[in-house]
Amino acid sequence: MLLRLLLLICAPLCEATELFLILSPSRPIEGNSMTLTCETPPPQKLDVQLQFHFYKAGRPLGLDWDSIPELWIPAVWREDSGSYWCQAKATPLGVKRSRRVQIQVHGLPISNVSLEIQPPGGYMMEGEKLVLVCLVTGGTGDITFFWYKGALGLLEMKTQRSLIATFEIPVVRESDSEQYYCAADNGYGPMVSELVSITVRIPVSHPVLTLRAPGAQAVLGDVVEFHCEVWRGSPPILYQFYHEDVALGRSSAPSGGGVTFNLSLTAEHYGNYYCEANNGLVVQRSEVVPLNIIVPTEDRKEVLTSGVMEVLLGISDPTTMALLLCCWLKRKIGSRSARDPLRSLPSPVPQESTYLNSQAPEQLHPNSENVNVVSGDEVYSLVYCVQQEQQPAAEEPPGMHTGDKNSSAIYSRLKKADLTDVDYEDAM
């Protein structure tokens with residue numbers, strides 16, 4: 001009775017046919033889906049319900065037995081390659097297994113590798129962020145990306161299951177100006193992108209203006225060298241010189257460095273100077289540099305003498321001209337006396353004058369000073385006296401009258417003068 005019962009249970013699985021594991025597609029590709037189907041001939045008894053389970057290398061796929069004889073895998077990869085089979089059962093005691101099927105998941109080699117940069121164009125300003133994007137249009141599985149910088153070799157490598165990868169340089173420097181390329185490999189051999197050139201430009205720093213004179217100080221008539229230079233900045237650099245906000249000239253430095261501007265000094269070149277530097281990224285201005293011009297003593301005398309002579313020649317009256325010149329010479333002699341007492345004019349010996357019938361007899365001692373002014377072959381001589389009152393002397397004998405001293409006397413006369421007089425030479 002027990003044997004009969006076992007035969008009835010195993011009858012659906014003990015038929016001459018066996019289970020088959022069917023693979024679709026027959027040549028699975030990485031990244032694509034794959035379907036496993038456990039096929040068995042239809043059972044003779046229609047009321048028998050079969051259960052199926054799938055395995056890979058002895059490990060069950062899925063959670064439990066299922067009445068559906070298919071297993072759908074959404075994406076397979078190269079590591080999914082291996083030995084597969086399936087099982088079918090009608091009761092817990094009746095299980096049948098298919099033959100093993102060796103499945104090989106195939107990959108696609110890398111194709112069309114390219115390198116893109118952000119920001120585009122290949123020209124960047126120092127301090128910006130550079131993003132190197134490596135892309136492939138074909139290839140399956142895990143792809144290893146490589147980034148290279150010129151002759152320096154490998155910068156970075158990254159493996160990921162993606163057709164695109166990025167590498168960043170957060171802050172670019174001038175030394176990052178170079179040619180870059182990337183490569184990708186998924187096990188079938190690397191593929192390399194084209195070269196991409198990156199140029200990192202540096203904004204100009206504040207220029208420094210220096211003035212170089214032949215001597216310690218700039219003198220009227222000197223040729224002064226104006227030199228403007230920046231500490232750093234990508235060429236070409238255009239320099240512009242200014243005097244009191246008026247443009248003087250410009251010069252370019254194609255390879256960097258500074259430039260020089262020469263200027264022959266005249267009186268109107270006194271004032272403030274500065275320069276500007278521009279390399280297309282930014283315009284910077286230097287500090288203001290003042291220029292003081294020294295006028296030689298000979299030039300000052302010529303300017304002073306010519307100015308005085310112009311004033312004197314404009315006066316037609318000789319007397320007026322003489323008086324004006326006398327006043328000027330007196331001021332000149334006074335300044336010379338304070339500066340050089342040994343060369344001051346000597347005071348003449350006081351002279352006495354006697355006036356009869358004077359009601360208030362007294363002694364006066366005048367102080368006089370003589371000033372000579374040349375006009376052609378004649379010299380105008382001006383003598384001025386200042387009276388000084390003194391106490392009366394001892395009483396004279398009776399019958400005699402003391403003469404009064406003159407309170408003031410001013411006279412002028414013409415006389416020939418020595419043209420080598422020290423004060424005349426100094427005044428002229």
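**Strand pairing and nonpolar cores in a predicted model**

Leu 23 stands opposite Leu 36 in β2. This is a predicted model, in which local features need pLDDT of at least 70 and side-chain atom pairs count only at pLDDT 80 or more, while totals for chains, interfaces and linings use all residues. Residues are numbered from 1 along each chain as its sequence is written, and side-chain values use heavy atoms, with hydrogens and water left out.

**Overall make-up**
- The protein contains four helices and 30 strands (DSSP runs numbered from the N terminus: helices are H or I of at least four residues, strands are E of at least two).
- Of its 428 residues, 30% are buried (under 20% relative accessible area, with a 1.4 Å probe and protein chains only).

**Strands around β2**
- In strand β2 (residues 34-39), five of the six residues are buried.
- Strand β1 (residues 20-24) runs antiparallel to β2 and is joined to it by five bridges.
- β2 also pairs with strand β5 (residues 70-73), in the antiparallel sense over four bridges (pairing requires at least two DSSP bridges between two strands).
- Thr 35 has Trp 72 in β5 as its bridge partner.

**Nonpolar cores**
- The largest nonpolar core has 22 residues, of which Leu 130, Leu 132, Phe 145, Trp 147 and Ile 198 touch the most other members (a core is a set of buried Ala, Val, Leu, Ile, Met, Phe, Trp, Tyr and Cys residues joined through side-chain atoms within 4.5 Å).
- Strand β11 gives this core its largest share, four residues.
- Another core, of 20 residues, lies apart from this one and includes Ile 237, Leu 265, Tyr 273 and Ile 293.

How values were computed. Buried < 20%, exposed > 50% of the residue type's maximum accessible area, 1.4 Å probe, protein only.
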